[in-house]
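Colleague: I would like to learn how to read a model like this one. Where do we start?

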Amino acid sequence: MYDVAVIGAGIIGAFIVRELSRYDLNIVLIEKDTDIANGTTKANSAIIHAGYDAKPGTLKAKLNLKGNPMFDKVCQELDVPLKRIGSLVIATNEEEMESVKELYKRGIENGIPDIKILDGEEVREKEENISEEVIGALYAPTAAIVSPWELAVALAENAADNGAKIRLESKVTDIEKIEDGYRLSLGSEAIDTKYVINCAGVYAAEINEMVSSKDFEIYPRRGQYNILDKSAGNIIKHVIFQAPTKLGKGTLVTPTVHGNLLVGPDAEDIDDKEDTATTSDRIHMIRQVSKKITTKIPFYTTITSFSGLRARPSTEDFIIEEASQAKGFINVAGIESPGLSAAPAIAEYTIDILKEIIGNLEEKQDFNPTRRPVIRFMELDDEKKSELIKKDSRYGRIICRCENITEGEIVDAINRHGGARTVDAVKRRARPGMGRCQGGFCGPRVMEILARELGKDIKEIVKDSSDSYILTGETKQNQA
Amino acid sequence: MKAKEMICIVCPLGCHIKVLKNDGVYNVTENKCLRGKEYGIKELTNPIRVLTTTVKIKDALLNRLPVKTKEAIPKHKVIKCMEVINSIEIKSPISVGEVIVENILGTGVDVVASRSM
Amino acid sequence: MLAYDIVVIGGGPAGLAAAIEAKKNGVDSILVIERDRELGGILQQCIHNGFGLHIFKEELTGPEYAEKFIVELQKLGIEYKLDTMVLNIREDRLVNAINTEDGFMIIKARAIVLAMGCRERTRGAINISGTRPAGVFTAGTAQRFVNMEGYMVGKKVVILGSGDIGLIMARRMTLEGAKVLAVAELMPFSGGLTRNIVQCLDDYDIPLLLSHTVIEIKGKDRVEGVVIAKVDENKRPIKGTEKYYECDTLLLSVGLIPENEISENVGIKMDPITSGPVVNEAMETSIEGIFACGNVVHVHDLVDFVTEESRRAGKNAAKYIKNQIQSEGSITETKPGKGISYIVPQKVRPENIDKTLDLFMRVDNVYHNMNMVISIDGKEIKRMKKRHLAPGEMEAVKIKKEDLMDSKHAEITISLVEEGA
């Protein structure tokens, strides 16, 4: 029997399971998809907000403020790229300047450090390509960018290194209360656990209702994005938001931690919790709206568009509490923006609740907070490249030509704890296929390597979900 | 009889030509040159195609070896030829030009390897 | 440190021809670097015929065409390294490359020939809406799977784009037992050769939908269908013309882009129209001693032209090594006029031409019965009748050295005028 089962391997579940792995507990992370970070975590703005936006007094405000500065340590421990590039909320007229000032006031009330209001000239000094219309901005130097899926993968891996189990492709279909805990049905199998932490994202309400009454609802709110080639990554240097107006929050433009440019999102309430399609009218709209920030975005260098679903709670604040009718079952739900920014603090907050339930937890003596560093071949100097290939010749073979990713890096991404099982999972970890050709050249090679490392037939290799088969068979089937 | 319309592929011009059979005589119109006339009659009476495809190969760098019919074969035999080619498997090494299937389906045309492997 | 007179980056048709020609012109120290596991490049997956009509006066398949050059390269004893990737080059012609056997290499070259070829445009680049399931492939990726690896990528297929690879793959998938429902083409004309439309589509009753495009992809895990709509003259989908095609695969043949990461990183001047380096009559880029040829310079329609152009690059690289390049004198620029979208080379040093200057270009639309007019400094020197011109087909023009030498030239203009004008 497990002590704690965490349902959902998004950024929240991953942070929680890694925090739990500090203690002497038998824990399992359960995920319905083929990979960690496969839902909202892989499709969002990837921003660590400074924290001026949330309504003072809310959990969102409190945990964003606390979470933001926690990223430096965890990203360093787990070798995940983080860049503190700061954010600007720009205003193009007096009305917008008023809302920028409102945000400033709110930021002061929330206790956000070092924020200040800049005039148009000061903004232009920071951002040479910013629109001529900009008359001022709120500057928050503590805002940062990160790769949320790489962080979630690293957290889960580190938890597994410290003894946690990871179960992918395990959808919780039913939960039964048993004598000293819960029995989770995972399709044809079942596991028993004393405590449950529900981090199921847009499905958190469904999971909660397996053990409790309808305490809350989660509505999916879709946001669409464009991601541009690295050649466009230097146009903007900060995370840039538009001042909120009566018409909405506008879109943002930001560099990504890997040097691409991200534009989006819109906000659209939808019914289907699986509908991550993009639509041409919405993509057109975010491109139009982004012009308020800068007109210099070369959209012809767009690599791809994507959309993600925010988990919007009926309560309008994060829901982090024990379920009303299920002892030892903690909901961590409705983690919409600033959920990523608050995530490390959410994990601590959740574990404090668990401690209250269980009593004190025993810390492990041998907990290792660091992860074996990830080798990023192209970031090494010539001498290190040379040494590495001598040690392991697989680093001498480039698989992805766009980003110069080596076979060694791909094999490593597959063979770690919680490693990649699918083409997209390899892409999220080691980046082959993230570049301009979008996997045209390297896709077949990545499939070959996956098949070899996992001991599978290449025809069994999937793109992402377990039914997303790539090859439909062999040629030469019509025979005389 | 209705005239058969087709696009001439003799040169990049791509004339949309019409071929009509009248009392056993073929009449080609809309063609801009003599080669177009020849092409039109041939396409109507005995269209031929070079078939290029692959064959299973063992112990080689790749799973498939590219092959072709050395000459063009009657168009209506293409699918049947595919079936024959699909059912064989050869072993490396093979040299370019080597005969893989002799006189395929009695066409008088050999299927040959189009690379060494 | 390794040192060669000429390092050729890329062992496809361009690199092979350049290396062979350099050797024939008296340079012995040559290294060809190929990133794939064998020489020949994309030709190895182009198993259809139609290659070589200009160069060999016979119809060859892609692998046959490649093998002729590979055999010649080996006979000439030219060195090559396979499974080797050039990471970057420097302006002083140091090449950094890696492979599993030699490890990290620094190679000193006196001249470099860039012959990296091109890559395919993707779904992202053309921004098709909808979901992101498995089953969306570029035509070239599908071609590699089917022809070389022996795997099928789908059973019911829609193809977007009527470039030659798209047309060829329509036939190839059909022959291997798949059902190709349609080929949709955004433009009112096909980008492929007529011969391919006849022999790859008409032969198998595959409809070609001109002025149509895929506006949406459906399916969560694997493609379940696509929505195709007719487009207006501004290429915008027309409401009410949407039609759903149930299929498990979408192949994209929506254009090729020269692959110039290495060229751009070293600071070579690029032409925004071709997306390749600006080159002169010697196929030399803006950096002295760095040459370029083939699809890395501009996307060619026929490999024969790649060979021709690359031989020129190889020959001039050899001349450069032997200090035989005539680089004194004026520089003439080539300027695309009305109806022409680009001309390669962009710069010409008349002194360095042997007998004739070869210019390659593409037109910007389909034209019939036009005159192609070549002018030097505004003075017409040549006029050619063209009964048929299409953007899918490259045009070549030769200008005599005498015509270029007799005065001080600033520019060569080529434009289309209607017959009789």
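Modeller: Start with the domains of chain B. Chain B splits into domain 1 (4-45) and domain 2 (52-113). Keep in mind that this is a predicted model.

Colleague: How far apart do the C-alpha centres of domain 1 of chain B and domain 2 of chain B lie?

Modeller: The two C-alpha centres are 31 Å apart.

Colleague: Now a strand. Is E5(B) mostly covered or mostly open?

Modeller: Count its buried residues. In E5(B), five of seven residues are buried, so the strand is mostly covered.

Colleague: How do E5(B) and E6(B) run, parallel or antiparallel?

Modeller: Look at the bridges. E5(B) and E6(B) run antiparallel and are joined by five bridges. One residue pair to find is Lys56(B), which stands opposite Arg64(B) in E6(B).

Colleague: How many bridges join E5(B) to strand E8 of chain B?

Modeller: Three bridges, and here the strands run parallel. E8(B) covers residues 89-91. Lys56(B) turns up again: Glu89(B) in E8(B) stands opposite it.

Colleague: On to interfaces. How is their size usually stated?

Modeller: Often as the accessible area lost when the parts come together. Here, count residues instead. The contact between chain B and chain C takes 22 residues from chain B and 22 residues from chain C. On the chain B side, strand E5 (52-58) and strand E6 (64-69) each supply at least two residues. By class, that side divides into ten nonpolar, seven polar and five charged residues.

Colleague: And how many residues does the contact between chain C and chain A take from each?

Modeller: It takes 40 residues from chain C and 44 residues from chain A. Several elements of chain C supply at least two residues each, including strand E8 (103-114), helix H4 (139-149) and strand E12 (151-152). The largest share of the chain C side, six residues, comes from H4(C). That side has 13 nonpolar, 15 polar and twelve charged residues.

Colleague: Which strand of chain A pairs with E12(C)?

Modeller: Strand E23 (residues 473-474) of chain A. The pairing is antiparallel, over two bridges. To locate it, find Glu474(A): its bridge partner in E12(C) is Tyr151(C).

Colleague: Now chain A as a whole. Why does its radius of gyration agree with a compact globule?

Modeller: A compact globule of 480 residues would have a radius of gyration near 23 Å, and chain A has 23 Å, so the two agree. The C-alpha atoms fill a box of roughly 65 × 60 × 50 Å along the principal axes. Chain A has 13 helices and 23 strands. Buried residues make up 56% of its 480 residues.

Colleague: What of contacts along the sequence of chain A?

Modeller: Take the contacts between residues at least 6 apart. Of these, 73% join residues at least 24 apart.

Colleague: Which residues is Tyr219(A) in contact with, leaving aside neighbours within four places in sequence?

Modeller: Asp269(A) and Arg312(A). Look also at Asp271(A), which is 52 residues from Tyr219(A) along the chain, with their C-alpha atoms separated by 7.5 Å.

Methods
Residues are numbered from 1 along each chain as its sequence is written. Chains are lettered from A and ligands numbered from 1 in the order in which they are written. This is a predicted model: local features need pLDDT of at least 70, side-chain atom pairs count only at pLDDT 80 or more; totals for chains, interfaces and linings use all residues. Two residues are in contact if their C-beta atoms, placed from the backbone, lie within 7 Å. Helices (H or I, at least four residues) and strands (E, at least two) are DSSP runs, numbered from the N terminus. Ala, Val, Leu, Ile, Met, Phe, Trp, Tyr, Cys and Pro count as nonpolar, Asp, Glu, Lys and Arg as charged, and the others, Gly among them, as polar. Domain bounds come from an automatic or database domain assignment. A residue is buried if 20 or more other C-beta atoms lie within 10 Å of its own, exposed if 12 or fewer, and partly exposed in between; C-beta atoms are placed from the backbone. Two strands pair if DSSP finds at least two bridges between them. The radius of gyration is taken over C-alpha atoms; the globule rule is 2.2 Å times the number of residues to the power 0.38.
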